[in-house]
Amino acid sequence: MVQRQEPAGMELIHLLREVTLQLDLAGAQFAGRNGLHPTDLRALIALLDAARAGVPSTPGRLGAHLGLNSAGTTALVDRLERLGLIRRVRDTEDRRRVLLEVDERAVDLGQSFFGPLIDRTLALLATFDDGERAAIRRFLDGVREAAESR
């Protein structure tokens with residue numbers, strides 16, 4: 001059997017793939033424990049990220065972000081609302097528009113499960129200096145951009 005020489009940096013690609021797998025497994029465990037579909041978890045993350053960025057979330061934006069059609073988005077929003085994890089609210093600037101907000105219950109649920117992982121990750125990051133963290137950020141931003149352009 002011929003062993004092919006891997007390009008430089010492939011060990012980091014393999015490590016990134018393993019990190020992605022472990023995070024996916026953690027997400028699946030969280031979803032399973034809480035009666036959620038993996039798409040429900042992705043939706044909650046998308047809504048939290050949008051809120052943190054100050055971007056209003058509409059069902060249409062959420063569906064586009066997750067690659068869902070209108071019917072799938074409605075079913076997703078209905079399901080999360082029934083579970084008490086999100087709520088629909090009228091936009092105060094345009095009463096015809098519905099916005100989606102994550103309920104504090106969902107935040108608490110996520111914090112109780114992912115909080116220890118976040119704390120351990122922050123502790124690890126604290127061991128890196130500013131330059132190293134900047135390099136990590138540049139790498140992760142680049143990987144995200146590469147994945148978005150697939």
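Student: Which residues of helix 4 are buried?

Tutor: This is a predicted model, where local features need pLDDT of at least 70, side-chain atom pairs count only at pLDDT 80 or more, and totals for chains, interfaces and linings use all residues. Residues are numbered from 1 along each chain as its sequence is written, and side-chain values use heavy atoms, with hydrogens and water left out. Buried means under 20% relative accessible area, exposed over 50%, and partly exposed in between (1.4 Å probe, protein chains only). The buried residues of helix 4 are Thr73, Leu76, Val77 and Leu80.

Student: Within what arc do the buried residues of helix 4 fall, seen down its axis?

Tutor: The arc is taken from the directions from the helix axis to the C-beta atoms. On the other side of helix 4, Ala71 and Arg82 are exposed. The buried residues line one face of the helix, because they fall within an arc of 95°.

Student: Which elements do the buried residues of helix 4 pack against?

Tutor: Helices (H or I, at least four residues) and strands (E, at least two) are DSSP runs, numbered from the N terminus. Contact means heavy atoms within 4.5 Å. The partners of these buried residues are helix 2, helix 3 (59-66), strand 1 (86-90) and strand 2 (98-102).

Student: At what angle do helix 2 and helix 4 pack?

Tutor: Axes are lines fitted to C-alpha atoms, for helices over the stretch in contact, and angles run from 0 to 180 degrees between N-to-C directions. Helix 2 spans residues 38-53 and helix 4 spans residues 70-82, with axes 11 Å apart. The two are roughly perpendicular, a term for angles of 65 to 115 degrees. Their packing angle is about 85°.

Student: Which residues of helix 4 does helix 2 meet?

Tutor: From helix 2 come Thr39, Asp40, Ala43 and Leu44. On the helix 4 side they meet Leu76, Arg79 and Leu80.

Student: Is alanine 46 buried or exposed?

Tutor: Alanine 46 sits in helix 2. Leaving aside neighbours within four places in sequence, alanine 46 contacts Leu62 and His65. At 12% relative accessibility, alanine 46 counts as buried.

Student: Which residues does threonine 58 touch?

Tutor: Threonine 58 lies in the loop between helix 2 and helix 3. Its relative accessible area is 12%, so threonine 58 is buried. Not counting residues up to four places away in sequence, threonine 58 touches Arg97, Val98, Leu99 and Leu100.

Note on methods. Angles under 35 degrees count as roughly parallel, over 145 as roughly antiparallel, 65 to 115 as roughly perpendicular and the rest as oblique.
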